[in-house]
Amino acid sequence: MSELASSELSETTSLSQIEVVLAQQVNAGKDPNEEPVRKARMSNLVVYCDQPQVFETIQNTVPDIVAQHPARVILVVKEPGEVDGQVQGAVNVWCHLGGGPRQRICSEQITLRARSRGVDHLPYAVRGLLLGDLPTNLWWATNTPPPFAGNLLQDLADRAQQIIYDSIGWPEPARGVAATSAWLTGIERSNGNGAWRVASDVNWRRLKYWRRILAQALDPTTAPGALDSITEIAIDHGPHAVIQAWELVSWLASRLGWQIGGGKIQPNVEIAWKVQATHGPLTVKINRLAEGPTAIRRVRIACTIDGARTAINLTDEGKEILRVTLEGQDAAARTVMMPPQPLHDLIARQLTDRERDSVFLESMAVAKVFAQSLLK
Amino acid sequence: MGSRNMATLTKENPLMSGAAKTLFPQPCILVIFGAAGDLAWRKLLPAIYNLNLDGVLPSNFAVVGFGLGAKGDPDGWIRDRAKEGIQHFSRHPFDQRRFDDYARALFFVEGSFNDAHAFERLKAKLEVVDAQFSTANNRIFYMSIPPSLVDMSVGHLKAAGMVRDNEDAGAFTRVIVEKPIGHDLDSAREINASVAQAFHEDQTYRIDHYLGKETVQNLLVLRFANSILEPLWNGKYVDHVQITVAEEEGVGSRLGYYEGVGALRDMVQNHILQVLCMTAMEPPFSLAPNVVRDAKTEVLHCLRPLTPNDVETSVVRAQYIAGEIDGQVVPGYRREVADYFAKANKPIPGDSTTETYVAMRVFIDNWRWAGVPFYLRTGKRLPKRASEVAIQFRAVPQILFNANPDVPLEPTVLSIRVQPEEGLALRIATKLPGPKVRIYPVKMEFNYNTGFGGSSPEAYERLLLDVMAGDATLFMRRDQVETAWQFVMPILESWEHSRVRYLPEYRAGTWGPLEADKLIEADRRQWRTV
């Protein structure tokens, strides 16, 4: 792929003219020597946001998403203000050269804006713009956990096969996690009549490498006895990444069959839980670092390997490398590459990853128990 | 067969349950025999670098090269060579910091394959690396060496105690065998028997990189995940199938190997027949490695054996003469042979009869494909590099739109491009706008890169990961290899006995000899322009 280019965002367009203006923009500026422009569309991607700064982020992210996963993007924006008005539309196209030096491949973006009660009309506008026979995804790009979103999310997700949300930075993590876990069981649909639907948390996707390296570090073939002897897990995370850490310990607890006991929270500093494993009690701590990237930075697992007490440390060195060391042992540190995970890459990959993730759902069920222990 | 590995070496790890096997390749040392060679330089070492960058390698992993050719410090030498290979051939661009992380787990042991002491040194090195990287005594030996050295190498590995029986040892030892697996049926059997002396079949991974290509794997999905296609995928609706593997390049640096081997052994016996199997196989009842491989092997068993007369009428071989590629004049094959041997100060062989092009018509005698010809062709110095499988469907009856014999309808064709520009296209007939009914063929295309973005992993990346995960689905089983050789042997024998010193020729930069055109035109069909 090369030479990403975009048309200017069009003037405000009436909804009935959107397809016409899109067709004009796709062919605008086409060199007569070029082959016919190809519209590439693998999905409908409906994005909802309600914050100006989030809109900016998404507007900057869309070209990279569609370069990786061509889609018709319908960006739905709730604008501030109390005055009602009609839904406003604007379009632009994102093109790159591909399939040959004279072949332009374009993806379409439609931006719909509304304010106040006009927001209620957005789902109607979206329905008319969805392309048939393509998977439809809703990216819920707001700071509001989906269960608290009300009817708007339900309406926008009406035809969606996947709802993508991002739990990073949610206010009131315990409340958000508990509610979302319950919401997940209701929002996912089975395969009846093709009307299946899944929900995915971008934050869970960010954990992919952490889960992989933890599974390897604790593997019985290389760390005999470790899984059955854990006495403490401590996770350090940067600001706003508490739910990421939470989902990681929930995954461990669900896979290892731990029973959750009491928890206590020191807001913005530490959450600690007592947990019962089959081999005995253990402590789980999530510590917030005052600064640094919004991500998990270190996981420390106290355990016994081959009869010797030790602790496995997994540290994100901040250079796309995870370092694995064993406390009190001379073995050389092992390293694993952790490729960067920019937002556009996470979203683009999630668009093609549409299978029901039972490991995620089971982890979230445990996350709910963790949360309830704090909400008591 | 394939499940024995997993059951014995993997103690239960609940953290891996519910995840695809390839997401959790097992800790191991990959030992590359012939690490100083071309394949390691161009493909294997860059593939491992890419896997590392993608974060999919096991955390406990190291690579040890073995062979001759190191200069100075062996570890430093292989790291420099890997760096150079990555800079030239890697999918991901070279990055020094990332390379440093890769290089710290890369080692080399200098030694000859016929030197038992060298194998002892290798064993000692592996033990050191194993302790350093906690690879749980798991080993993968990649035989990136000529077939003539496999027997000796496997024997030394076994003698040095480096091959563990999985069931006894609790750690795995696997071997990857590169093509060519023999130069005829007997030698293939010998190699297989040599490998079998030390390795069980479920420890043996015979690699054909074509099977690691996304489009080849997609053949299975395309056929069995689309209800519109499978009902049509048989002789009732398919007129014929063409499988083409065209190369723009000449023999180049592989001439020493290629002379006396030729296109039939180099391409047809392995790549093309494997793709044919994927195209023609019956639906497997599961995706378990041996179920899929059974289904593929069935196709080979159903190939109609070729009699000497069939070879005369259904197989064409040819050799390129001087011509033009990309505006550059290029020499003929015999000129290249003469130059190569002169440069190497070796006796120049007489006029070479090594074929650089093969075209053939084969039949699969089973219920599904009875009477449907499969046309296979491969050649070097053709106008472009392109590999595809094309399914041409039968013409509609000669009424309505197909009534005028002077303006026949172009047939419906589903073409699956294996390389480059992996993807698929469907040619269908459509009405031209206007008052008159005029029909025009249109092509609907899907391109992997355009559709899914990013760069697909190289075939070797996927296949290496599969070996680490113990998944043999995309590897050739012993009986497959030998059955494929059984099919091509009558051709080789017929050519051997014909004593013909003249081969049809084709000009470099053309689509092959006239004889190949006649072969398909005799059936009132044409080769496709790919």
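**Figure 1. Salt bridge between Glu320(A) and Arg98(B) in the predicted model.** In this predicted model, Glu320(A) and Arg98(B) form a salt bridge, with 2.3 Å between the closest N and O atoms. The rule finds one salt bridge across the interface of chain B and chain A. Nine residue pairs are in polar contact between chain B and chain A, counting pairs with both residues at pLDDT 80 or more.

**Figure 2. The side of chain B that touches chain A.** Five elements of chain B give two or more residues each to this side: helix H2 (38-53), helix H4 (96-103), helix H5 (116-133), strand E16 (439-447) and helix H15 (448-452). H15(B) contributes the largest share, four residues. Sorted by class, this side of chain B has 16 nonpolar, 15 polar and nine charged residues.

**Figure 3. Contact and buried area between chain B and chain A.** In the contact between the chains, 40 residues of chain B meet 39 residues of chain A. The two chains bury about 3200 Å² between them, and 56% of this area is on carbon and sulfur atoms. Of the area that chain B buries against chain A, 22% is supplied by Leu15(B), Ser59(B) and Thr450(B), more than by any other three residues.

**Figure 4. An open sheet of eight strands in chain A.** The strands of this sheet follow the order E11-E12-E13-E10-E14-E15-E16-E17, and their pairing is mixed. At the edges are strand E11 (259-266) and strand E17 (334-337) of chain A, each of which pairs on one side only. On average, neighbouring strands of the sheet are turned by 15° against each other, direction ignored.

Figure 5. Strand E14 (residues 296-305) and strand E15 (residues 308-316) of chain A run antiparallel and are joined by eight bridges. Within this pair, Arg298(A) stands opposite Thr315(A) in E15(A). Helix H10 (residues 358-375) of chain A packs on the sheet, where this helix touches E11 and strand E12 (270-277) of chain A. The direction of H10(A) makes about 50° with that of E11(A).

**Figure 6. Salt bridge between Arg72(A) and Glu108(A).** The closest N and O atoms of Arg72(A) and Glu108(A) are 3.1 Å apart, and the two residues form a salt bridge. Arg72(A) lies in strand E4 (residues 71-79) of chain A and Glu108(A) in strand E6 (residues 104-115) of chain A, so the pair ties together parts that are 36 residues apart in sequence. Over all chains, the count by this rule is 43 salt bridges.

Terms used:
Residues numbered from 1 in each chain as written. Chains lettered and ligands numbered in written order. Predicted model: local features only at pLDDT ≥ 70, side-chain atom pairs only at ≥ 80, totals over all residues. Heavy atoms only, no water. Contact = heavy atoms within 4.5 Å. Buried area = accessible area lost by both parts, 1.4 Å probe. Salt bridge = Lys/Arg side-chain N within 4 Å of Asp/Glu carboxyl O. Polar contact = N/O pair within 3.5 Å; in protein donor to acceptor, adjacent residues only side chain to side chain. Nonpolar A, V, L, I, M, F, W, Y, C, P; charged D, E, K, R; others polar. Pairing = 2+ DSSP bridges. Axes fitted to C-alpha atoms, helices over the stretch in contact; angles between N-to-C directions.
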